[in-house]
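Please look over this note before our next discussion. The points below can be checked one by one against the model.

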Amino acid sequence: MITPAYLEKKTQTILRKSFYQNQELPSVQLRQVFDHEFYRKLQPEILSLSYQANRQLLTHSYLTAALPAPLLRLFHSSEFFSVISGIIGRPVQKVDFHAHLFSWKDYTVLSDETIEPAGIDIIIDLTEDWPEGAGGEIIYRDQEGNYFPLPSAPNMLAIVQRKRTIQKFVKYVNHYAGTQKRVLLLGRIS
Amino acid sequence: MDVTPLLLKWINKKYLNKKIINSLYSSFSSTQPFPNLELPKFFQEEKLLQVLQALGEETFILKEADLFQFSQTADLVGARKTGFFCTEGQTCPSCAKNSVLQEFRSFLSSLEFVSYLSTLTGITLQPQKIDLSGTIYQDTDYLLCHDDQLEGRKIAYIIYLSDLLLKEGGGLVLYNSQKGIPTTKAKTIVPKFNTLAFFEVSPRSFHSVEEVVSDTQRIALTGWFY
């Protein structure tokens, strides 16, 4: 499942240092996190889930789907948790994942109604061939109005430790997306 | 309401006709989804072309956030020092660079025009108190749904300075709402040069600007009356 290099303690130690380097928003991105064989099956499986439209004009627009039990088990495996806990430096017991699709005109907006509690965001990016300039970035914003965009790449795991005063949104997806979709698994460790 | 030389200088005289004013007053309060009006060819065209040209001398800064992406000037502050014109003129960092814009702002905030707008809307508005800035929406720019509510704002207005086709985007969308939540699109105002559009700011004045999907720029002056 996981690319072997990320299972090594010395790699996790280096990543942990990198994670905590930014004290304001500890974060790290693991590129090519899943081995090629696993990723080749995972991406289309996530795309083929049964999605429901989730739209409230003032706060968000996207499609969302629950993960089926077999996939949930994989993302609760000791192998997967060992990578995260090795980086954040504490045990992980549960991550609630949901699949999200963002297409043209989809977005999320920061709002008092959708404030997320402090926690560690686990973001798995499965987006392929995303056109440049199409929007759809995950962006963190602090109370001073500073923005911290998350890099985007297929087969990438991002771990972001967030205070309550820092919230995230998905930038409006514009027409350059065409028929492409941002495919994201969003989860949080409380 | 008196038709003064100042009003005649700037406004298409059709809109100064008593019958038209009465008709617009009736329309404003009854239009859906909330009080609004769209007035084509509102200003004297030649004057507005001068305003557009003057606006071209202003600095537009790209504004980006979760809710929006577009370019905007600073508030085109008029005179604050003495009389109607800033004594610092073009060196004043807070003033519009161009005297045409200063003059236009003075007109918009004048007792005459504010009284005129109060007559059209039935809403008491304060003279000398407006916000006014230039905006440009270019390809992919947008403004997501919101209600504009901020303390004191009573009328939101847009003076369109360019033409877009419906398919090019940039339309001002007004939404129906239920129990304080916007639901479906009720109306789309397509930008047309020299159209004045305005609506009453309220807990249900939900609106957005559609993403521009062409190379045509949506240029406008926009702001609020208080």
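1. Start with the salt bridge. This is a predicted model. The rule finds one salt bridge across the interface of chain B and chain A. Its partners are Glu64(B) and Lys171(A), and their closest N and O atoms lie 3.7 Å apart. The cut-off is 4 Å, so this pair counts.

2. Next, the polar contacts. Eight residue pairs are in polar contact across the interface of chain B and chain A, with both residues at pLDDT 80 or more.

3. Which strands of chain B supply at least two residues each to the side that touches chain A? They are strand 3 (68-72), strand 5 (142-146) and strand 8 (181-189). Strand 5 of chain B gives the largest share, four residues. By type, that side of chain B has twelve nonpolar, four polar and four charged residues.

4. Now the extent of the interface. Chain B brings 20 residues to the contact, and chain A brings 16 residues. About 1400 Å² is buried between the two chains, and carbon and sulfur atoms give 62% of that area. On the chain B side, Asp66(B), Leu144(B) and Glu211(B) lose the most area to chain A. Together they make up 38% of what that side buries.

5. Finally, a sheet in chain A. Three strands form an open sheet in the order 8-7-10, with antiparallel pairing. Strand 8 (147-149) and strand 10 (167-170) are the edge strands, each pairing on one side only. Neighbouring strands are turned by 30° against each other on average, direction ignored. Strand 7 (residues 138-141) pairs with strand 10 over four bridges. Tyr140(A) has Lys168(A) in strand 10 as its bridge partner.

Definitions and conventions
Residues are numbered from 1 along each chain as its sequence is written. Chains are lettered from A and ligands numbered from 1 in the order in which they are written. This is a predicted model: local features need pLDDT of at least 70, side-chain atom pairs count only at pLDDT 80 or more; totals for chains, interfaces and linings use all residues. Side-chain values use heavy atoms; hydrogens and water are left out. Contact means heavy atoms within 4.5 Å. Buried area is the accessible area (1.4 Å probe) that two parts lose on being put together, summed over both. A salt bridge is a side-chain nitrogen of Lys or Arg within 4 Å of a carboxyl oxygen of Asp or Glu. A polar contact is a pair of N or O atoms within 3.5 Å; within protein, one must be able to donate a hydrogen and the other to accept it, and residues adjacent in sequence count only if both atoms are side-chain atoms. Ala, Val, Leu, Ile, Met, Phe, Trp, Tyr, Cys and Pro count as nonpolar, Asp, Glu, Lys and Arg as charged, and the others, Gly among them, as polar. Two strands pair if DSSP finds at least two bridges between them. Axes are lines fitted to C-alpha atoms, for helices over the stretch in contact, and angles run from 0 to 180 degrees between N-to-C directions.
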